[in-house]
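Subject: Structure for your review

Dear colleague,

Please find the structure below, followed by a summary of what was found in it.

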Amino acid sequence: MKELAEIWSELLVLPPEEIPYDTGFLRLGGDSVLAVRMSALVRKRLGVALALSDVRVDTTLNELAELVRRRAAGGPGPRALPITVTPRPDPHAEFPLLPLQQGYFVGQQDGWELSYDSAHYYLDHALTGVDGDEAADALTDAIERLAAHQPTLRARVTSDGRQHVLPAGAPGAVPRVRVYDLREASPDEIAATLRDVRHEMSTSGPDPARGPGLDVRLTLLPEDEGRLHLGLSLLVFDGWSSSVLSRDLLTFAADWNAALPPLEIHFGDYVASLAGLPATEAWQADRDWWWSRLEALPGPPALPLAADPQRVRPVTMGNREHRWSADRWSALRQQCTSRGVTPSTAMLTAFGVVLARWAGHRRMLLNSLQLNRLPLHPDVQRVVGAFAATMLLPLDLDPAATFAELATAAQAASGEHAAHNLVTGVEVGRELARRRGSRRPVGPVVFQSVLGVDAAMGGRPPEDAGPLGRVVASDYFHQLRTPQVTIEVRCFELGPEMVAVFSLVEELFDPDQVTAAFAEFVDLVDALADGSGWDRVPDLPEAAEPAPDERLRLGLLPEAAVRHQEGPPADDLEQAVADVFEDLLEVPVLDRGADFFGLGGDSLLAVRAVVRLAKEAGASVPVREFLADPTVAGVALAVRTRLGDGR
């Protein structure tokens, strides 16, 4: 018990003797992200592995101690995973993409509606006190050392959707730093250069299929100021990894002699270990849990649209952003603690209320981005990689409930669904789309919160960056491009402040409606911070489900009707397509109307089919055309069209 109390003391910044054994982690100031770090510290210090589902935010110290005793005594429990992560014999061997990586990869092939040629996040920060003569060399040296410490910086993705890490000495393996020296430039030249750099890095991000998944640049400005620019491929970095990368990078930049504790495993080792996951009882139980609920899942919020997503080719996502002061953020945390909900849950509930009013119904399916780092090794939290996964989360908002009651229900639902996290939202979404016969995204509205990440990582990131000066976290610019997403709310901490952003495909929505919805969201959160919003009954629609009408609305968009005459392949080309289907899916394909996804295919295998057909049939079919009619006859027709054969 003493060791556990010390862990809680460290995480919650409370003296160990002041921690009651019968009070929940959340009531003492914890949250779901800190619970992840708690699990990692228990494994590291006590040698006891806990599943993420074991450690709830309302767990008491007594309950945690009993759980640790059972695990230490050899009681495996229902969620214990018989998986061990060890270094692979060949660290440069190929390994598969995780499900969310697959979605990003297919999006980069223009496979989905709302695709981008690079799925990435761009960010730049202000720097002060820069040593203009030393900064570029310090940053270059830091990147080289970081690429040795974190091999994922040298990751590449193959054309058929696999990944590997280049040797450190391979040409182009390490990201190259680009420097813009504007120390003697005029204000107009500085403004123009920053505008151009931001536009280029926002609209043309790093792609590990062509080079490094990290783009690093440095702008040197007059009066010892500067800006640090980072472009991060979502195929390589998730939100947690971007924080790890920033901390490690600044540590190396601040001190030429800095050394970080070596990592025993890397991302490829972790992914390779997951190959045995589907054979475990825990994974199969999670699959059965999700599959049994698929028919009852609602659709996404039926937001009114200005255009059909299939006809839109976005370049970047637009942002609506609000920042809460340190005092307001502290007040919100205190209110959440007193109500027994996490700040992330409060933001999720506020987002749900706004969506319900906007869409005109109160039952909806959201997509939630999760950290999803299974505690399989003590180093998992320190490794850079695209670990993140989505989780489908249905909301059913009671029109008679107070906001506090809605938040409590949302937290219970989120916790229940997160307890079955071994099957990811991408995998659940594939099965749901297959059953519904849909080619459209099932979860295009996303909630993401990384509130609490700084505390889980042991404190705020360093500001001192040696020759790079001091990082001014509050002075930043950012841009997101993520495929299949119509609108996403992101909540994160910025030093002592909190920020919420609506990122959306501007072409899809009436801008006045977006502005009004975001203002309503901000007002709701403000009312929660001052305490007045919790006991109010939000004005929610009576209708649980959307009523069909003539407008374009999310989740109610028409599906393309595809019909082909049944029968065996009609010619050699159709037979060639059927052979490719058979080889990739390992099932007999005897019908020209057989659907690739109905036979067990997925989007990544579709990309591989396109690659195979380009070699064997002599025509490259765009992935989007393959997905539009993924039958033997439909794909053969697409190939025939590309060959210029009108038969």
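In what follows, contact means heavy atoms within 4.5 Å. The structure is a predicted model: local features need pLDDT of at least 70, side-chain atom pairs count only at pLDDT 80 or more, and totals for chains, interfaces and linings use all residues. Residues are numbered from 1 along each chain as its sequence is written, and side-chain values use heavy atoms, with hydrogens and water left out.

Met347 touches Trp324, Leu332, Phe447, Leu451, Cys491, Met498, Ala500, Phe521 and Val525, leaving aside residues up to four places away in sequence. Together with Trp8 and Phe521, Met347 has the most contacts inside the largest nonpolar core, which has 197 residues. Such a core is a set of buried Ala, Val, Leu, Ile, Met, Phe, Trp, Tyr and Cys residues joined through side-chain atoms within 4.5 Å; buried means under 20% relative accessible area, with a 1.4 Å probe and protein chains only. Helix 11 gives the largest share of this core, eleven residues. A second, separate core of nine residues includes Tyr122, Ala185, Ile190 and Met201.

Helices (H or I, at least four residues) and strands (E, at least two) are DSSP runs, numbered from the N terminus. Helix 10 (residues 326–339) packs against helix 11 (residues 343–359) at an angle of about 95°, and their axes are 9 Å apart. Axes are lines fitted to C-alpha atoms, for helices over the stretch in contact, and angles run from 0 to 180 degrees between N-to-C directions. The two helices are therefore roughly perpendicular to each other, a term that covers 65 to 115 degrees. In this contact, Trp329, Leu332, Arg333 and Cys336 of helix 10 meet Pro343, Ala346 and Met347 of helix 11.

Six strands form an open sheet of mixed pairing, in the order 8-14-13-11-9-10; two strands pair if DSSP finds at least two bridges between them. Strand 9 (residues 363–370) and strand 11 (residues 445–449) run parallel and are joined by two bridges, and Asn367 stands opposite Val446. Helix 15 (residues 511–529) lies across strand 8, strand 13 and strand 14, at about 20° to strand 8.

Finally, eight of the eleven residues of helix 19 (residues 632–642) are buried. Among what covers these buried residues are helix 16, helix 17 and helix 18. Gly644, with a positive phi near 80°, follows helix 19.

Yours sincerely

Notes:
Angles under 35 degrees count as roughly parallel, over 145 as roughly antiparallel, 65 to 115 as roughly perpendicular and the rest as oblique. Buried means under 20% relative accessible area, exposed over 50%, partly exposed in between (1.4 Å probe, protein chains only).
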